[in-house]
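Good morning, and thank you for joining this group meeting. Please keep the sequence and the structure in view while I speak.

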Amino acid sequence: MNPVLSVKGVSKHFGGLKAVDDVTFEVRRGEILGLIGPNGSGKSTLFNCILGQLPASGGKVEVDGRDVAGLRPCDLNLLGVGRTFQMLQVFPEMTVLENIILAGQEHKGTMFSRLFGKPDAGLTDEAKRMIEFFRLTHQTNEKAGSLSYGQQKLLDAAMAFMAGPKLVLLDEPAGGVNLTMLAHLKERLKAFNEERGATFVVIEHNMEFVMSLCTRIIVLANGRIIAEGEPEAVRNDPQVIEAYLGG
Amino acid sequence: MTEFIQLLISGLATGSIYALAAIGFTLLWQASQTINFAQGEFVMLPAFFVLAGMHFLGLGFGPAILLALVASLLILGLTFKRVIIDPLLPHGVLPVVIATIALGILMKESVKQFYSAEAQPFPALFSERTITVLGAVVSVQDIAVLLISLSAVGLLQFFLTGTKTGRCMQATAQNPAVAEILGVNVKRMILYTFLINAALALLASVLISPIYLAKFNNGETLGLIAFIAAIVGGFNQIRGAIAGGLLIGVIDNLAAAYVSAQYRSAIPLILLIIIILIRPQGLLGKAEGRTV
Amino acid sequence: MNARANFLAILAAVAVLAVLPSSLSTYSVYVLCSWMVFSIAAMGLNLTLGFAGQVSLAQAAFMGIGAYTTALMTMAGIPWPLAMIAAAVECFLIGLVLGYPALRVQHHFLAFVTLAFNALVFLVLRNEEWLTGGTYGVVGIPRPSVLGFSTNQQTGFYYVVFGFFLVLSAVLYGILRSPWGRAFQALRENPIRANSLGVDIRRMTLLAFAIGSAYGGIAGGLLGQLVQFIDPNSFTLTISLKVLLMVIVGGAGYFFGPYLGALLVILMPEFLRFTEGYYLMLYALLVIVLMISCPKGLLGIVDRIKLSIKLRQNPSATAWEQGK
């Protein structure tokens, strides 16, 4: 079976700077892969190359065995790749329910059925289940902008999951979230992974969060992979310690 | 051929005036993301400051221009920024678009009501003599206009690249956040941009009014042409605005002579649409990146 | 509860509009018709601007295309409903052709392309005399007859316009309630996020613009029949700006914004008539003051008042709502 995501020799150069330098890895179905590294190690650039936001200077990205070069973000999403952004990205003037329905509607029916069919694209029940799963039921009809920061983070993640993607890329999900909410978020992500077999790639600064959430970790420094393995092994890898402390 | 040279030179002359308006337009966009839909009226109005100074205050032409300069800096520079742009910018581009459209109407109607609805003769800066160059009859005025506006542009370029303040202004235009960190007084730089725009508008006004007469609705065409010049040249480049202005001036003049007079004003519009289709960043512009 | 109150208010308004002409002078009925026609044009622009977030400065050009198409077709003996449909489809297609390259590139480019387009349409209307009558325009445009009834009387035609007004309002409401409407709103609020959720933002923006343009075409068709005379000056850039003003003054992105905006822009000249030549100055001044004091338009003010009442009752409302 194909890996869900396979990154083959991807590079990204900005002038003389090699932000990402010949990176190769695979993501297996059902795993939670952590992508860590010091600031400026190329994590976000790599993410943007995978997601087609930046054209890679070299290499190939395959989702489920299919080359995704040149696909726009919306095409990639329709192929089954969900994502969240580093900065919070919800639609503040729409209700929580509307946010979630929007996240699923483009995967339902055709252009025409979306104009002439049901206003909710038949997604209300499913959306409500998703809202319940992320414990936002009381906020269902609140405007997303009026939620607390942590709740908006949950909503953001819920939106990425709504269409039932094969693969979700989470860009710093823990950033700015308080400890209680963080534990809650981690628990929900794990539950989603176990119950629905969803596959995640997580970029994160918060080591504690990554170590306890991920099943496998890749460490990036200066655009290259310097270590890869289970959390415990990576934590004790001298090269990794060097990269974090020596940098 | 001689006719062609005549048309070319007079086209370059008016084109250089368009360039002045287009540069101001570009500068405002760079410094503060202001799209000034009243730019044409900004060029129309200073001529009336001059005329008002001469006829109501009895000033000579020179002092009247000085007075107009002060009035332009105060009204089209400072007041425009403080009263209209500053409060509106945080709300996005759209309210600015609407407010400047309304401002254009206000300026136009004020001139019509308080000065005159008729086209006003405007004193020429130069004699109407002609000289013969390579067999082509060329008016002294055209050459003078061309020289003056090109030196103004040169001066501006020197100021922007050769002085500290100018470089701070450029830094502000390119990345206000970084400029701020580097200790540039961003607010003041933006104010300077508005003042420069006002001064350029005055210059353009004084140069163009002897040719086309001063009339309250001159801004309609001028504004549109300044837009087109800025976009055709490259929206984010001063060089682009100059090239765009000159190009439009020449094309417009040639079109009037060789294409139908009826569709003369369509030529710049078609040029605009073609440029947007095939080279959206403009002839000399750098791509700002796609939105999608 | 709120929804029902709104529904009843709309019903009452429709009822009032239905009986109003019988108690008004012919001229007042004419003004009302013109309000509804411009409301239709403004509704379309509101979809482009208020929902999809694109500035179009060519609504008058689309009205012009619609008006000339309907006028010339009906005068050539083609039934008026067909002519109206042709006008709408034509404007929709032109919208697609015009919008595609402009939206491919950058945000503010549609504004410039439409600006140039409006000026071009004006030139064609003025210069192609064989088709458009040039500066003399088209005279004697027939009023439609409905089920054999002529609408040459102002009141009769009022109900034709009223019918279009209601149907097109309902259609727009339907579009905005559908997933399309949700996508439109999403791409106004956060296009990048919408794109990452599978919304083809280029396609949706283009569709919003094309539908908005089709509304302009229908409004133009009705305008031609209302005035029974059209010339290039009825469709200049100034008129486009007037429609834009209606949308902004009422409140872009609010469903009822264009109705309110059109009402004000149409009625203002009637009320300010005593000011004679100073009318446009006052008008421009009012717009500037409105923009500075409330950039979200009149319905934005209503929202702000509602919020301050809510805040008084419940001081803990979030900072985000206050910041709006």
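Let me begin with a definition: two strands are said to pair if DSSP finds at least two bridges between them. Helices (H or I, at least four residues) and strands (E, at least two) are themselves DSSP runs, numbered from the N terminus. The model is a predicted one: local features need pLDDT of at least 70, side-chain atom pairs count only at pLDDT 80 or more, and totals for chains, interfaces and linings use all residues. Residues are numbered from 1 along each chain as its sequence is written, while chains are lettered from A and ligands numbered from 1 in the order in which they are written.

Which residue stands opposite A:L35 in β9(A)? That residue is A:I218. The two strands concerned, β3 (residues 32-36) and β9 (residues 216-221) of chain A, run parallel and are joined by four bridges. Four bridges also join β3(A) to β8(A), again in parallel, and in β8(A) the residue opposite A:L35 is A:I203. Strand β7 (residues 167-171) of chain A runs parallel to β8(A) and is joined to it by five bridges; here A:V168 has A:F200 as its bridge partner.

For chain B, the unreviewed UniProt entry places the feature "transmembrane region" at several spans, including residues 49-76, 190-212 and 263-282. UniProt positions are given in the numbering used here, feature names are shortened, and annotations may be inferred rather than shown by experiment. Residues 49-76 of chain B are 82% helix and 0% strand, with end C-alpha atoms 12 Å apart. For residues 263-282 of chain B, the figures are 65% helix, 0% strand and 23 Å.

Helix α8 (residues 186-212) of chain B has 27 residues and reaches 38 Å from its first C-alpha to its last, close to the 39 Å expected at 1.5 Å a residue. That expected span is 1.5 Å times one less than the number of residues. Of the 27 residues of α8(B), 19 are buried, so the helix is largely enclosed by the rest of the structure. Just after α8(B), B:L213 takes a positive phi of about 65 degrees.

In chain C, the unreviewed UniProt entry lists residues 156-176 among its "transmembrane region" spans. These residues are 100% helix and 0% strand, and their end C-alpha atoms lie 31 Å apart.

Finally, how do the chains meet? Residues are in contact if their C-beta atoms, placed from the backbone, lie within 7 Å. Two pairs of chains touch, and chains B and C make the most contacts. No contact joins chain A and chain B, whose closest C-alpha atoms lie 8 Å apart.

Between chains C and B, 33 residues of chain C are in contact with 36 residues of chain B. The side of chain C that touches chain B has 26 nonpolar, six polar and one charged residues. Here Ala, Val, Leu, Ile, Met, Phe, Trp, Tyr, Cys and Pro count as nonpolar, Asp, Glu, Lys and Arg as charged, and the others, Gly among them, as polar.

The contact of chain C with chain A takes 21 residues from chain C and 26 residues from chain A. Helix α8(C) gives the most to the side of chain C that touches chain A, with seven residues. By class, that side has eight nonpolar, seven polar and six charged residues.

Conventions
Buried ≥ 20, exposed ≤ 12 C-beta atoms within 10 Å, placed from the backbone.
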